[in-house]
Amino acid sequence: MAKTRGAINKSPTKKEREKSAVIEAKHKVFADALLEGRTQSEAARAAGYHPGSVANVMRQEEVQTYIAALRARYKVEINKAALEVKDK
């Protein structure tokens, strides 16, 4: 019978750490693209995700936390006059 380490003491392998770092980087790229004003589909493509996976990415707690933190840090005021359609 092979010995296995208990789940509590198991450290992530190098491959698992690298995979985790890639996922976190992709989430950051996705969130940054959203905050730059891109659509969710464009942000997904920029991060290397299929546009159909937007809902799954948006459900990730780390993505939501990152977006909320940046929105709180960089308050954006909308110039309503700039949004109005001007008659020609």
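The classes are set as follows: buried is under 20% relative accessible area, exposed is over 50%, and partly exposed is in between, with a 1.4 Å probe and protein chains only. The model is predicted: local features need pLDDT of at least 70, side-chain atom pairs count only at pLDDT 80 or more, and totals for chains, interfaces and linings use all residues. Residues are numbered from 1 along each chain as its sequence is written, and side-chain values use heavy atoms, with hydrogens and water left out.

Q40 sits in helix 2. Helices are DSSP runs of H or I with at least four residues, strands are runs of E with at least two, and both are numbered from the N terminus. Beyond its neighbours within four places in sequence, Q40 is in contact with F30, L34, V54 and M58. Contact here means heavy atoms within 4.5 Å. A55 is 15 residues from Q40 in sequence, and their C-alpha atoms are 9.1 Å apart.

E42 is also placed in helix 2. With 40% relative accessibility, E42 is classed as partly exposed. Its C-alpha is 8.8 Å from that of F30, across 12 residues of sequence.

Now follow F30. Not counting residues up to four places away in sequence, F30 touches Q40, A43, A44, A47, V54, V57, M58 and V63. F30 also belongs to the largest nonpolar core. Such a core is a set of buried Ala, Val, Leu, Ile, Met, Phe, Trp, Tyr and Cys residues joined through side-chain atoms within 4.5 Å. Helix 1 gives the most, with 4 residues. In soluble globular proteins, nonpolar side chains tend to be buried together.

I67 brings helix 4 into view. Its relative accessible area is 8%, so I67 is buried. Leaving out residues up to four places away in sequence, I67 touches A31, L34 and L35. I67 and L34 are 33 residues apart in sequence, yet 8.5 Å apart from C-alpha to C-alpha.

Is H27 buried or exposed? H27 is buried, because its relative accessibility is 7%. This residue lies in helix 1 (residues 14-35). Its contacts, leaving aside neighbours within four places in sequence, are Y49, V57, Q60, E62 and V63. With Y49 there is also a polar contact of 3.3 Å between the side chains. A polar contact is a pair of N or O atoms within 3.5 Å; within protein, one must be able to donate a hydrogen and the other to accept it, and residues adjacent in sequence count only if both atoms are side-chain atoms.

K26 lies over the face of Y49, 4.4 Å from the ring centre. The rule asks for NZ of Lys or CZ of Arg within 6 Å of the ring centre and within 35 degrees of the ring normal.

Last, the whole protein. Its secondary structure comes to 5 helices and 0 strands. Buried residues make up 17% of the 88 residues. Among contacts between residues at least 6 apart in sequence, 42% join residues at least 24 apart.
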